[in-house]
Amino acid sequence: MIALEGVNKWYGEYHALIDVNAEVKAGQVVVLCGPSGSGKSTLIRTMNRLEEINRGSIRVNGEEVQGRHVDINRVRSHIGFVFQQFNLFPHLSVLENVACGPAWVSKIPREQAHALATDLLAKVGLSQKTGAYPNQLSGGQQQRVAIARALAMKPPVMLFDEPTSALDPEMVGEVLSVMKSLAAEGMTMVCVTHEMKFAREVSDEVWFMDRGTLLEKADPEQFFDRPSHPRAQAFLSDIRH
């Protein structure tokens, strides 16, 4: 579903991503972890070209997303992305926030878009909030609306960039619960997160990064119980302490 080949990214003199090679299979849940500044968010943002790369190749569902002549708006419409901040339209209701993609981008009839949005809001446990506005919702509720909005475009893959980092601790669980249900349904997902319990319970593979390099790829049992790279061992030791 996602193939990264020789991905490199510079910010001026700073080498942010160094020769990243990896792949995500259809239906797989990959958790991307590592210390702050390791390049996790930069890497996930290259997958829908929110960040340009300087060298290498990134294919999503068989299509090169970093090519010179790519229609990036069309590509992005088929890649769900959930941000740290919720990025909802404050002047639109919850229902309209979710329906706007299908209505504006996919040009489906308004009634059909609203019906789809209603179903998705039920899926994330917000049936009772369709007429509310973002400033009337808790952070956890806003993030669940953002997930529903991303799902409304029926993407084959969902990317999550630290979706719980802006939430109060008691709201984290409600968002992770929605993500767990998506994983159980077979959604292909890449998640940048510091929620190690989620990584252990839900992921099929854990990627560990530090200083722009993908140092380890392993199934969760191996990564958490028997990490092979010394930097991953130190990272997990620090978390446990």
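Leaving aside its neighbours within four places in sequence, Thr193 is in contact with Val31, Leu32, Cys33, Thr164 and Phe198. In this predicted model, Thr193 sits in the loop that runs between strand 8 (188–192) and helix 7 (196–202). With a relative accessible area of 3%, Thr193 is buried, since the cut-off for that class is under 20%. Another relation that spans the sequence is that between Thr193 and Ser41, which are 152 residues apart along the chain while their C-alpha atoms are separated by 9.5 Å.

When neighbours within four places in sequence are set aside, the residues in contact with Ser93 are Thr130, Gly131, Ala132 and Tyr133.

Helix 3 (residues 94–105) packs with helix 5 (residues 139–151) at an angle of about 25°, their axes being 7 Å apart. Because angles under 35 degrees count as roughly parallel, helix 3 is roughly parallel to helix 5, and the crossing of the two is right-handed. On the side of helix 3 the meeting residues are Val94, Asn97 and Val98, and on the side of helix 5 they are Val145, Ala148 and Arg149. Sorted by class, this contact of helix 3 with helix 5 has four nonpolar residues, one polar and one charged.

Helix 5 also packs with helix 4 (residues 110–123), here at an angle of about 135° and with the axes 9 Å apart. Helix 4 and helix 5 are therefore oblique to each other, and the crossing in which helix 4 passes helix 5 is right-handed. Leu120, Leu121 and Lys123 of helix 4 make this contact together with Val145, Ala148 and Leu151 of helix 5. The residues of the contact of helix 4 with helix 5 divide into five nonpolar, no polar and one charged.

Apart from neighbours within four places in sequence, Leu121 is in contact with Val94, Leu95, Val98, Leu126, Ser127, Thr130, Val145 and Ala148. In soluble globular proteins, nonpolar side chains tend to be buried together. The largest nonpolar core here has 52 residues, of which Leu121, Ile147, Met158, Phe160, Met179, Met189 and Phe223 touch the most other members. Helix 6 (residues 169–184) gives the most to this core, contributing eight residues. There is also a second, separate core of 27 residues, which includes Val24, Val30, Trp207 and Leu214.

Most residues other than glycine have a negative phi. Glu162, however, has a phi near 50°, a positive value in a residue other than glycine, and its place is in the loop between strand 7 (157–161) and helix 6. Arg211 likewise has a positive phi, near 50°, and is a residue other than glycine; the loop that holds Arg211 lies between strand 9 (205–210) and strand 10 (213–218).

Methods. Residues are numbered from 1 along each chain as its sequence is written. This is a predicted model: local features need pLDDT of at least 70, side-chain atom pairs count only at pLDDT 80 or more; totals for chains, interfaces and linings use all residues. Side-chain values use heavy atoms; hydrogens and water are left out. Axes are lines fitted to C-alpha atoms, for helices over the stretch in contact, and angles run from 0 to 180 degrees between N-to-C directions. Helices (H or I, at least four residues) and strands (E, at least two) are DSSP runs, numbered from the N terminus. Angles under 35 degrees count as roughly parallel, over 145 as roughly antiparallel, 65 to 115 as roughly perpendicular and the rest as oblique. A crossing is left-handed if the near helix is turned anticlockwise from the far one by less than a right angle, and right-handed if clockwise. Contact means heavy atoms within 4.5 Å. Ala, Val, Leu, Ile, Met, Phe, Trp, Tyr, Cys and Pro count as nonpolar, Asp, Glu, Lys and Arg as charged, and the others, Gly among them, as polar. A nonpolar core is a set of buried Ala, Val, Leu, Ile, Met, Phe, Trp, Tyr and Cys residues joined through side-chain atoms within 4.5 Å. Buried means under 20% relative accessible area, exposed over 50%, partly exposed in between (1.4 Å probe, protein chains only).
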